[in-house]
Amino acid sequence: MNKNNELMNKAYDAIQNNKDLVNSDYYRLKYHTMPPTGLLNDPNGFIQFKGEYHVFYQFHPFGTNHGLKYWGHYKSKDLINWDDTGIALAPSEWYESHGCYSGSAVDDNGILTLVYTGNVKDIDGNRETYQCLAMSKDGINFEKYKDNPVIHNQPEGYTRHFRDPKVWRKDGIWYMIIGAQSIKEEGRALLLKSENLKNWNLVGEVSGSNINGLNDFGFMWECPDLFELDEKDVLIISPQGVKPKGDLYNNIYQSGYVVGKLDYESGNMKHGEFIELDRGFEFYAPQTTIDDKGRRLLIAWMGLPEEEEHPTTEKGWIHAMTIPRVLELRENKVIQKPVEEMKKLRKDLVSYNNVEINDEEITLENISGDVFEIEATFEVKDAKKFGMKLRCSKDLSEETLMYYDREDRKFVLDRNKSGKGYKGIRKCYIEDKKELKLNIFMDTSSLEIFINDGEEVFTSRIYPDKESLGIKIFANEGSINLREINKWNLK
Ligand code: FRU
């Protein structure tokens, strides 16, 4: 048997052997993509190909740690029903012996082509990085390019932390943006170009730590992405090594963006400040694609590097992906909304209008559950604080708290009493206006909160007891009018 089939079979055996254990977990999500067993990290190769959406992911089938990485594969006609189509890439070749690392996908004249990083570690733990191609006609079965790797190691002036190619085509030329580290150990994003996906030339540095006003901005930039949005260019990066600053950058690593204009000749991008894409606890390595409706779609890893102790690990799996979001640009700020298609999952609507809440905490009949969407519009009166508690237990020992603090002008997510798993608080500035809108997606063990039609998003995993289903709505020191609340269970 060849090495590729051997590695594929080993992984399928692991999936089969763990199936019952994994599926016995209450925390398996109902409408998010997850690994069938083992660990999922970055989304890879997000693309619409021949009318179907594909998303691949970094996959370690043999444990919930960051071991030997494969590419797992999901595809979908509608961004909500996803088919697990098995494994796309196994690390069978010399240039990827320690993992098929992150990358992207392009449609090269009807051939679905993956561009990814082959990771190799020698016996001293030193790393080599190789950029590689794999091709598929049917979008399911991939064959590695015979002359891989197409890029051997990094250009001069950079270390071997050189990975995560994202490729796109513009005016008949292929461009690649790739994460890098300068020899001074500063994070970089580099631009390369090619006529055929096989021979690549360096164009230049797009941006990096201590460039364009990004002072002290990390020792490595992972998973860059670059695309046009509303006539501007948006560069997404996942920098490692940015220090916390008040409420900002509190996760181990961040993911965010800058907006500006890329000069395709020099490779340099003039841009503004870095803004975090998500304000919650688990969000990393987002990737985007454009679809035939012209939408710029984003999906991210609902997890973080170095978080390997979630309560699901005892059931043989860890991490998941976010729901897909659509990006828009409003005054140089990226606005993120759940894709319209999510509405097709709605059932069992319960609504209330104009509920006055005056320095109290209320419950509303049939507003409860563990797999739901809520849309709520609060008319702000004189309350100093107002918000909601989800996944409340009857004995009040468990709750996931979210509120707007008008004195601080901060939205707060507090998972200190959420149940099992990591704890903590995340906050983000929101202007104090007459109205606050929340669009909440709760799955058995995840929470995505879209504030004011996508102005900010908080994404987190939480692990409450399966009996903790209560929802409370409150206002402190004054009143609010809950103008409208709609709750749907999600299929
Ligand atoms: C980001 C990352 C990438 C790398 C992959 C390996 O989470 O470290 O830089 O390609 O994960 O799984």
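1. Asp 225 first. Leaving out residues up to four places away in sequence, Asp 225 touches Lys 166, Ile 177, Val 234, Leu 235, Ile 236, Gln 287 and Thr 288; contact means heavy atoms within 4.5 Å. Asp 225 belongs to strand 14, residues 220-229. Strands (E, at least two residues) and helices (H or I, at least four) are DSSP runs, numbered from the N terminus. With 0% relative accessibility, Asp 225 counts as buried. Buried is under 20% relative accessible area, exposed is over 50%, and partly exposed lies in between (1.4 Å probe, protein chains only). The side chain of Asp 225 also makes a polar contact of 2.7 Å with the side chain of Lys 166. A polar contact is a pair of N or O atoms within 3.5 Å; within protein, one must be able to donate a hydrogen and the other to accept it, and residues adjacent in sequence count only if both atoms are side-chain atoms.

2. Ground rules. This is a predicted model, where local features need pLDDT of at least 70, side-chain atom pairs count only at pLDDT 80 or more, and totals for chains, interfaces and linings use all residues. Residues are numbered from 1 along each chain as its sequence is written, and side-chain values use heavy atoms, with hydrogens and water left out.

3. Asn 119. This residue lies in strand 6, residues 111-121. Asn 119 is buried, at 0% relative accessibility. Its side chain joins that of Arg 127 through a polar contact of 3.3 Å. Beyond four places in sequence, Asn 119 touches Tyr 95, Glu 96, Ser 97, His 98, Gly 99, Tyr 101, Arg 127 and Glu 128. Tyr 130 is 11 residues from Asn 119 in sequence, and their C-alpha atoms are 6.6 Å apart.

4. Aromatic pairs. Rings of Phe, Tyr and Trp (its six-membered ring) pair if their centres lie within 6.5 Å; planes under 30 degrees apart count as stacked, over 60 as edge-to-face and the rest as tilted. The count is 21 aromatic pairs. Trp 94 and Tyr 95 form an edge-to-face pair, 5.4 Å centre to centre with 80 degrees between the planes. Tyr 95 is buried, at 4% relative accessible area. Why is the pair of Trp 168 and Tyr 175 stacked? Because their planes are at 25 degrees, with the ring centres 6.1 Å apart. Trp 168 and Tyr 175 are buried. Phe 56, Trp 71, Tyr 116 and Phe 142 form one aromatic cluster.

5. An unreviewed UniProt entry lists residues 341-488 as "domain: Glycosyl hydrolase family 32 C-terminal". UniProt positions follow the numbering used here, feature names are shortened, and annotations may be inferred rather than shown by experiment. In the model, residues 341-488 are 0% helix and 61% strand, with the end C-alpha atoms 14 Å apart.

6. Thr 400. Strand 27, residues 400-405, holds Thr 400. Thr 400 is buried, at 0% relative accessible area. Its side chain makes a polar contact of 2.7 Å with the side chain of Ser 418.

7. Among the residues around the ligand are Asn 41, Asp 42, Tyr 101, Ser 102, Asp 164 and Glu 222; the cut-off is a heavy atom within 4 Å. A polar side-chain atom of Asp 42 lies 2.7 Å from a ligand oxygen atom. For Asn 41, a polar side-chain atom lies 3.0 Å from a ligand oxygen atom. Ser 102 places a backbone N or O atom 3.1 Å from an oxygen atom of the ligand.
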